Structures are given as C-alpha cells and as structure tokens.
Amino acid sequence: MNKLLSYYTSLFGASGSEGDIRRAILNEISPYADTRVDSLGNIIAFKKGACEPPATVMLSAHMDEVAMILTDVTDDGYIRFDTVGGIDPRTLCGKQVAVGRRKIPGVIGQMAPHLMKKSEKDSVKKTDELYIDIGARDREDALRYASLGDVIGFRSDYAEFGDGLVRAKALDDRAGCVILTNLIKTELPFDMYFAFTVMEEIGCIGAGCAAFGIKPDYSIVVEGTTAADISDNRDKSSVCRVGGGPVISFMDGSTVYDRGLIKLAMRAASERGIPYQMKEAVASGNDSGRIQRTASGVSALAVSVPVRYLHTAMSVASLEDIDNTQRLVSAVLGKMLNV
C-alpha cells in the first residue's frame with residue numbers, strides 16, 4: 001500500500017484538473033475491472049464478484065485535491081491567485097508550489113514582517129494579500145511560463161515518519177483512492193461499482209453525476225476527515241484521532257447516514273477485531289451529500305481515514321488507520337450479502 005500511496009499523492013489533481021491522477025488510477029485498475037470515464041471525468045468501474053449483488057452497491061472516493069488558480073500577474077512578475085477548495089490562508093506562506101501544466105516551481109510569499117505595521121502583523125493575511133514568486137523578472141517574463149487560469153498545486157514529498165505515520169499532500173482523498181484500488185484487485189463478494197469522482201472539493205459535483213448514472217441502492221464513501229488531536233485541543237472535541245482507527249459518521253453538514261449501515265459497520269468491526277471511532281462532530285461534508293439524494297434516494301455510509309492538517313500542503317495520517325479502513329470496508333461488504 002505504501003508504494004501506491006506515495007505514487008498517488010505525488011500526482012497533481014486540482015478540482016476540474018484531475019487528469020494526472022485519473023490516468024494513474026486507470027492504469028492500476030483497468031486489468032481488473034470494466035472501466036469508463038464519464039463526461040465530467042469521473043472513473044466508473046464495474047467488477048464482477050462471487051455472486052449476484054443483493055442490491056446495487058457503489059463505493060466512492062474522490063480524486064481531486066485542494067489547490068489554487070492563477071488570477072493575475074503583477075508588473076514585477078509575481079503571481080496572484082485564488083484558492084480551489086477550502087484552504088486556510090494562514091497555512092500558505094512559504095509553501096512550495098507547481099504552476100500550470102509545465103509544473104513551474106514557485107514559492108508563496110507575503111510582505112516581509114519587518115516592513116509590516118503592527119496592526120498588519122497581528123492580522124491574518126487574506127489570499128489576495130499573498131503572491132507566488134516563480135523567479136520572473138517582470139510580468140512579460142512570468143507570462144512566458146504561466147498563463148491566467150493555470151492551476152497551481154502544492155509541491156511536497158511523501159515521507160513515512162514517527163510511529164507508523166505518513167506525511168504527504170492530498171491524503172484527502174488519495175488514501176481513499178488507494179483503498180478502492182486495492183479492493184478492485186481483490187476477490188469481491190458480489191458484483192459492485194466503484195466511482196473515483198472529480199470536483200469534490202468545490203461542491204461534490206462529480207459524485208452526483210456518477211450516482212445518477214449508476215443509481216445505487218447503497219453507497220459507501222471512503223474519505224479523509226479532520227483529526228484535531230493536538231495538545232492544545234485536549235479540552236475540546238478532537239473530532240477523531242490519528243491512530244484510533246477508521247471513522248464512522250452519524251451525520252455531517254450535508255448527510256444523515258443510514259442507521260442500519262452504521263450498525264452493520266460497527267458489528268463488522270467488532271467481529272473482525274478492527275478498531276474504529278465515531279466522529280465527534282457534525283461538521284463539513286463529503287460526496288455522500290450528493291449521492292444520498294440521487295434519483296429516489298440512496299442509503300449512505302461514510303468510512304473515513306483520520307487526517308491531521310487537512311487541506312494543507314502537508315497532511316498526516318497513520319498507515320495502520322488506512323489499512324484498517326480498507327479492512328473495515330471489506331468487512332462491511334461481506335456483511336451486506338445479508339442486507
């Protein structure tokens with residue numbers, strides 16, 4: 001799993017520009033499943049299992065990642081940008097980026113602190129107060145390498161560290177993509193669909209279209225979710241914690257999850273000895289929100305990998321959590337034969 005996770009997280013895939021990661025996933029899964037790419041860019045894969053399905057089941061993970069987009073170039077050659085997806089501007093200064101299809105290296109900067117007024121030092125910089133330095137002499141020079149509308153991705157390296165942890169960009173949701181890829185390569189208990197979706201980070205756009213085409217009865221979204229398990233947050237909800245196992249949600253900002261599927265997942269975890277945790281907050285959302293309200297309705301379950309520093313240039317997760325998330329999803333599928 002580690003090699004595939006390293007590969008997937010190394011690839012760029014901003015919302016609406018998922019081509020690199022889509023090609024990689026297709027190369028991995030095409031020998032094992034029937035695949036197609038829909039008009040939005042979702043990968044729809046179908047794989048036959050050991051028997052006819054009890055109902056139509058769709059597993060989903062999103063390919064896209066938070067990123068930026070080039071909006072202007074200053075006269076002195078600095079790039080102005082806006083965010084693609086939910087990025088906190090406080091996490092951006094000093095981060096390395098890759099600009100456009102040519103992956104031009106750059107660094108996000110701001111005015112030097114010693115030149116700021118005291119009131120400016122104490123305020124959070126907005127995105128329009130930051131810039132990207134690609135080493136250009138002036139606007140004309142910068143436009144030789146970059147164009148308005150270019151997508152800008154974080155440039156960061158995969159590394160394993162500490163006690164079984166991994167740090168990389170885009171663990172949300174390349175970890176989910178790895179899990180679905182691995183499941184496709186295994187023997188399945190019944191026929192099922194897999195959707196690798198686009199544009200989740202800007203409104204879960206791809207998932208609704210994928211579900212409309214498949215029309216599943218049941219959906220399992222494999223996602224990354226926020227872990228706020230840091231030392232100065234001990235007297236507050238940590239939402240979930242890295243190392244605590246896969247996360248099962250009752251509800252989030254866009255979905256009330258199916259209680260029957262939640263109980264089934266909890267039983268499956270207990271029977272297999274898989275550690276799990278319940279999400280301690282009703283917040284955010286994922287592709288389930290769009291999938292759940294497709295056609296006449298879909299019973300939804302989300303099983304998530306806990307991830308620290310979500311939507312930044314370098315997030316952190318546990319390799320054991322990722323492995324246990326895959327084990328839990330597989331166990332849930334086995335129990336669905338009796339649903």
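Helices are DSSP runs of H or I with at least four residues, numbered from the N terminus. All views show a predicted model.

**View 1. Ser15 and its polar contact with Asp64.** Ser15 sits in the loop between α1 (2-10) and α2 (19-29). Its relative accessibility is 10%, so Ser15 counts as buried, the limit being under 20%. The side chain of Ser15 makes a polar contact with the side chain of Asp64, at 2.6 Å.

**View 2. A patch of negative charge on the surface.** Four residues gather here: Asp75, Asp76, Asp138 and Glu140. Asp138 belongs to the loop between β8 (131-133) and α4 (139-142). With a relative accessible area of 30%, Asp138 is partly exposed.

**View 3. Lys103, a residue with positive phi.** Phi of Lys103 is near 55 degrees. Most residues other than glycine have a negative phi. Lys103 lies in the loop between β6 (96-99) and β7 (104-109). Its relative accessibility is 25%, so Lys103 counts as partly exposed.

View 4. Ala170 is buried because its relative accessible area is 9%, and buried means under 20%.

**View 5. The cis peptide bond from Asp172 to Asp173.** Omega of this bond is near 10 degrees. Most peptide bonds are trans. Asp173 is part of helix α5, which covers residues 171-184.

Conventions: Residues are numbered from 1 along each chain as its sequence is written. This is a predicted model: local features need pLDDT of at least 70, side-chain atom pairs count only at pLDDT 80 or more; totals for chains, interfaces and linings use all residues. Side-chain values use heavy atoms; hydrogens and water are left out. Patches are made of residues with over 30% relative accessible area and no salt bridge: like charges are joined within 9 Å, nonpolar side chains (Val, Leu, Ile, Met, Phe, Trp, Tyr) within 5 Å. Accessible areas come from the Shrake-Rupley method with a 1.4 Å probe; for residues, only the protein chains shown count as cover. A salt bridge is a side-chain nitrogen of Lys or Arg within 4 Å of a carboxyl oxygen of Asp or Glu. Lys and Arg count as positive and Asp and Glu as negative; His and the chain ends are not counted. The place of a charge is taken as NZ of Lys, CZ of Arg, CG of Asp or CD of Glu. Helices (H or I, at least four residues) and strands (E, at least two) are DSSP runs, numbered from the N terminus. Buried means under 20% relative accessible area, exposed over 50%, partly exposed in between (1.4 Å probe, protein chains only). A polar contact is a pair of N or O atoms within 3.5 Å; within protein, one must be able to donate a hydrogen and the other to accept it, and residues adjacent in sequence count only if both atoms are side-chain atoms.
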